[in-house]
Amino acid sequence: MKREIRLDHLFMTYGKERFLNWCRSLNIFRFCRSHPYPDDLHPDRFVTLIYFYDDNELNELLTLMKIKTKDNDNNTVRIEEIETTFSSLVKVNNEKCYIYINKILKTIILEVSGIENDPFSLDDTTFQRTKRIDDFLDTLDINFISSPYDDDYCITPEFYPQVWK
């Protein structure tokens, strides 16, 4: 599949050297560009994807990643309280990110985006948050999917090898 996103636009937006450093420095997270209007519900962001087989594996993954949330008394995500989907702002390695769990698709998506006063902007502070989570997750024995989304807007080594040269 020929990828259609123009990297030059990303280079102009974020600076070529900085953008290439962001992509090349992350082992687990991938940069995903916001889709054009009217499909622009998500901002530019860093994303990672994990598949799981059953509730037991989901529970093991959440425990291993030390996901913390304020949604319940013990500050962890309880899988028995998730019927089909769950999304929340959480902490991984003491860094804020969003988690999306889909028990039907059997996926966990972690997403890092935004800066303090603008959820649709990315800067070096967003990258540093992502890098700290990425470094922590990289030490765990978890099989992350290299291309979280198979579309033109997800910059991955499989579809944009020129970024990783």
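Select Q162 to begin: leaving aside residues up to four places away in sequence, Q162 touches L7 and R24, where contact means heavy atoms within 4.5 Å. Q162 and L7 are 155 residues apart in sequence, and their C-alpha atoms are 9.9 Å apart in space. Q162 sits in the segment after β7 (154-155). Its relative accessibility is 41%, so Q162 counts as partly exposed; buried means under 20% relative accessible area, exposed over 50%, and partly exposed in between, with a 1.4 Å probe and protein chains only.

This is a predicted model, in which local features need pLDDT of at least 70 and side-chain atom pairs count only at pLDDT 80 or more, while totals for chains, interfaces and linings use all residues. Residues are numbered from 1 along each chain as its sequence is written, and side-chain values use heavy atoms, with hydrogens and water left out.

**The whole chain**

Show the protein chain as a cartoon: four helices and seven strands make up its secondary structure. Helices (H or I, at least four residues) and strands (E, at least two) are DSSP runs, numbered from the N terminus. Followed from the N terminus, the order of elements is α-α-β-β-α-β-β-β-α-β-β. Of the 165 residues in the protein chain, 47% are buried. Among the contacts in the protein chain with a separation of 6 or more, 56% are between residues 24 or more positions apart.

**Helices α1 and α2**

Select α1 (residues 7-14) and α2 (residues 16-25). How do α1 and α2 pack? The angle is about 105° and the axes are 7 Å apart. Axes are lines fitted to C-alpha atoms, for helices over the stretch in contact, and angles run from 0 to 180 degrees between N-to-C directions. α1 and α2 are therefore roughly perpendicular to each other; angles of 65 to 115 degrees count as roughly perpendicular, under 35 as roughly parallel, over 145 as roughly antiparallel and the rest as oblique.

Now show the side chains at this contact. On the α1 side are L10, F11, T13 and Y14, which meet K16, R18, F19, L20 and W22 in α2. The residues of this contact of α1 with α2 divide into six nonpolar, one polar and two charged. Here Ala, Val, Leu, Ile, Met, Phe, Trp, Tyr, Cys and Pro count as nonpolar, Asp, Glu, Lys and Arg as charged, and the others, Gly among them, as polar.

Keep α2 selected and colour its buried residues, which are F19, L20, W22, C23 and S25. These buried residues of α2 pack against α1, β1, β2 (45-51), α4 and β7.

**Helices α2 and α4**

α2 and α4 pack at an angle of about 15°, and 10 Å separates their axes. α2 and α4 are therefore roughly parallel to each other. In the contact, R18, N21, W22 and S25 of α2 meet D124, F127, K131 and D134 of α4. The residues of this contact of α2 with α4 divide into two nonpolar, two polar and four charged.

**Aromatic rings**

Next, show the rings of Phe, Tyr and Trp: the structure holds nine aromatic pairs. Rings of Phe, Tyr and Trp (its six-membered ring) pair if their centres lie within 6.5 Å; planes under 30 degrees apart count as stacked, over 60 as edge-to-face and the rest as tilted.

Select Y14 and F31, an edge-to-face pair at 5.7 Å centre to centre with 75° between the planes. Y14 lies in helix α1 and F31 in strand β1 (residues 30-32), so the pair ties together parts that are 17 residues apart in sequence. Both Y14 and F31 are buried.

Then select W22 and F127, a stacked pair at 6.0 Å centre to centre with 15° between the planes.

To see one aromatic cluster, select F11, Y14, F19, W22, F31, F46 and F127 together.

**The loop between β3 and β4**

Most residues other than glycine have a negative phi. Select N93, in the loop between β3 (85-92) and β4 (95-102). N93 has a positive phi of about 55° although it is not a glycine. At 35% relative accessibility, N93 counts as partly exposed.

End the tour at N94, which is also found in the loop between β3 and β4. Phi of N94 is near 65°, a positive value in a residue other than glycine. Is N94 buried or exposed? At 65% relative accessibility, N94 counts as exposed.
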